[in-house]
Amino acid sequence: MDAVTERAGARELLRRVLDADGWTSWDTPPAAHPDPSSSYGRDLAAARDRSGCDEAVRTGEGRLRGRRVAFVVSEFRFLAGSIGLATADRIVAAVERATAERLPLLAAPASGGTRMQEGTAAFVQMARITAAVMAHRAAGLPYLVYLRHPTTGGVFASWGSLGHVTAAEPGALIGFLGPRVYEGLHGEPFPPGVQVAENLAAKGLLDAVVGIDDLPDVASRTLNVLCEKPPATARATDPPFSAPPDIPAWESIERSRRPGRPGVRDLLRLGASDVTPLSGTGEGESGRGLLLALARFGDAPCVLIGQDRQSQHTGHPLGPAALRLARRGMRLAAELALPLVTVVDTPGAALSAEAEEGGLAGEIARCLADLITLPAPTLCLLLGEGAGGAALALLPADRVLVARHGWLAPLPPEGASLIVHRTPSRADELAAAQGVRSADLLRDGVADVLVDEHPDAADEPEPFCRRASAAVERELSGLAPGAPAVRAARYRPEP
């Protein structure tokens with residue numbers, strides 16, 4: 001395991017994360033105490049003396065960059081942060097109060113899990129804590145988790161793994177089974193390097209590894225998105241659309257494939273603020289080829305799902321894991337009632353045995369189903385290439401923007417030409433016939449608004465990204481979620 005540089009206690013963590021005016025405790029003394037002369041009573045007394053706390057968690061409220069927040073922070077020096085009945089009472093009371101007062105909740109566990117001295121009665125408290133956390137989430141309130149060294153057992157398997165966004169401190173031991181228990185049961189050490197924060201982040205189980213002194217900025221940036229709503233005023237009237245020059249479809253396709261063309265990462269870097277990348281599905285998959293982030297475009301916060309052209313063109317095509325990552329973003333937008341922005345820019349989904357066996361087609365279908373039925377406003381930006389089912393999976397939305405040289409087709413034109421003409425050499429001819437251009441999409445109602453290029457986004461990446469970002473902000477303002485039938489109606493052919 002990587003070295004952990006420090007183990008900050010609960011008070012120290014709160015001092016370094018919350019604003020300097022301090023915090024207010026919500027804790028009340030434990031309602032019941034075991035016999036002080038018993039072994040467990042003596043353990044509790046020693047824990048109180050050693051930690052300066054009366055239980056294994058501190059709860060309360062404070063301000064983070066001026067924003068009022070609630071917190072539940074473990075104190076590992078109190079019986080290894082273990083969860084007993086009194087600990088659970090304190091956690092549940094804090095979560096329920098945060099829900100009632102509509103406060104975002106920050107959880108910072110550091111725990112060995114269930115308090116063995118209290119047995120099964122303590123063990124089942126994890127279900128009770130989970131129920132309180134899920135009620136908080138169901139109320140549309142953010143729940144952020146910061147896993148500290150060490151977090152294991154039932155705490156990791158319950159309220160430690162339910163965050164909308166989850167980070168961990170560098171080098172922290174994080175795992176279901178404590179390594180000492182594993183070695184005692186199996187007679188050999190647990191494989192090294194597995195239960196380490198950095199490894200879990202690489203596997204898509206955590207969103208980030210963050211030092212304590214960087215945590216206030218990261219958490220504040222995250223809450224700047226999760227706690228805000230887009231401007232309520234209705235979006236401005238669509239900018240006047242004049243028919244674009246008669247650019248051949250094949251010219252747009254070639255321009256969309258230029259190496260210097262800006263992608264979703266450029267859009268976020270040049271046109272967004274409060275960007276917080278989220279890493280992985282939370283289920284052991286990283287989903288490379290697709291980027292999931294929280295971001296703000298002007299005054300409009302959103303969850304953003306973007307197909308990453310750079311990653312796809314360097315060996316990471318969109319596979320089932322990337323689509324499961326997209327669906328995580330959809331769930332996040334739905335639960336927190338945030339607008340969802342999808343960015344379509346893909347040469348096509350992965351073509352491999354692994355993709356087939358991983359359920360690629362089913363994940364495309366589920367993305368479509370989730371997006372069409374999402375109870376949050378949706379906006380799609382067709383930024384460049386739009387080939388096949390991978391593009392379609394992120395397309396249906398309440399509003400659709402399209403870049404001048406963005407295009408949408410059932411297959412890359414070379415593949416379509418192979419099917420129709422038995423040769424890829426007639427791709428340009430077939431693309432023209434299929435109506436793939438931005439002008440065709442606007443004419444047919446598949447897209448609503450053009451984001452212009454002068455003459456090509458690759459020649460003016462920064463001005464183009466700023467225009468695209470301004471268009472996203474304008475469209476998100478006042479955007480309301482449409483019913484599934486309304487979202488699908490745009491694809492109904494005119495009689």
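The model is a predicted one, and residues are numbered from 1 along each chain.

Seven strands make up an open sheet, and they line up in the order E10-E11-E12-E13-E14-E15-E16, with mixed pairing. At the edges stand strand E10 (273-278) and strand E16 (449-451); each has a single partner strand, so one side of each is left without a neighbour in the sheet. Going from one strand to the next, the twist averages 25°. At the E16 end, strand E15 (residues 399-403) runs parallel to E16, and three bridges join the two. Within that pairing, Val402 sits opposite Leu450 of E16.

Two helices pack on this sheet. Helix H11 (residues 264-271) touches E10, strand E11 (290-297), strand E12 (300-307), strand E13 (340-346) and strand E14 (378-386), and its direction makes about 20° with that of E11. Helix H20 (residues 461-476) also packs on the sheet, where it touches E11, E12, E13, E14, E15 and E16; the direction of H20 makes about 155° with that of E16.

Next come the pockets. Rolling a probe the size of a water molecule over the atoms shows where empty space is left. The largest pocket has a volume of about 660 Å³. Its lining counts 23 residues, and those nearest the centre are Gly112, Gly113, Thr152, Arg180 and Val181. Helix H6 (153-156) and helix H7 (179-186) each give at least two residues to this lining, with H7 providing the largest share, three residues. Sorted by class, the lining of the largest pocket holds 11 nonpolar, 10 polar and two charged residues.

The second largest pocket comes in at about 420 Å³. It is lined by 22 residues, and Ser161, Gly163, Thr281, Gly282 and Arg328 lie nearest its centre. Two or more residues of this lining come from each of helix H5 (125-138) and helix H13 (320-336). H13 makes the largest contribution, with four residues. Here the lining splits into seven nonpolar, nine polar and six charged residues.

Back to helices, this time a pair that meet each other. Two packed helices are described by the angle between their axes and the distance between the axes. For helix H17 (residues 413-421) and helix H18 (residues 427-434), the axes come within 8 Å and cross at roughly 95°. Angles of 65 to 115 degrees count as roughly perpendicular, and H17 and H18 are therefore roughly perpendicular to each other. On the H17 side, the contact is made by Pro413, Glu414, Ala416, Ser417, Val420 and His421, while H18 brings Ala427, Glu429, Leu430, Ala431 and Gln434. These contact residues divide into six nonpolar, three polar and two charged.

Most residues other than glycine have a negative phi, and most peptide bonds are trans. As for phi, Ala80 is not a glycine, yet its phi is positive, at about 55°. Ala80 lies in the loop between strand E3 (67-74) and helix H3 (85-100).

Note on methods
Predicted model: local features only at pLDDT ≥ 70, side-chain atom pairs only at ≥ 80, totals over all residues. Heavy atoms only, no water. Pairing = 2+ DSSP bridges. Axes fitted to C-alpha atoms, helices over the stretch in contact; angles between N-to-C directions. Contact = heavy atoms within 4.5 Å. 1 Å grid on protein atoms, 1.4 Å probe; cavity = no way out; pocket = protein on both sides within 12 Å on 5 of 7 lines; lining within 4 Å. Points joined across faces, edges and corners; volume = space filled by probe spheres on them. Nonpolar A, V, L, I, M, F, W, Y, C, P; charged D, E, K, R; others polar. Parallel < 35°, antiparallel > 145°, perpendicular 65-115°, else oblique.
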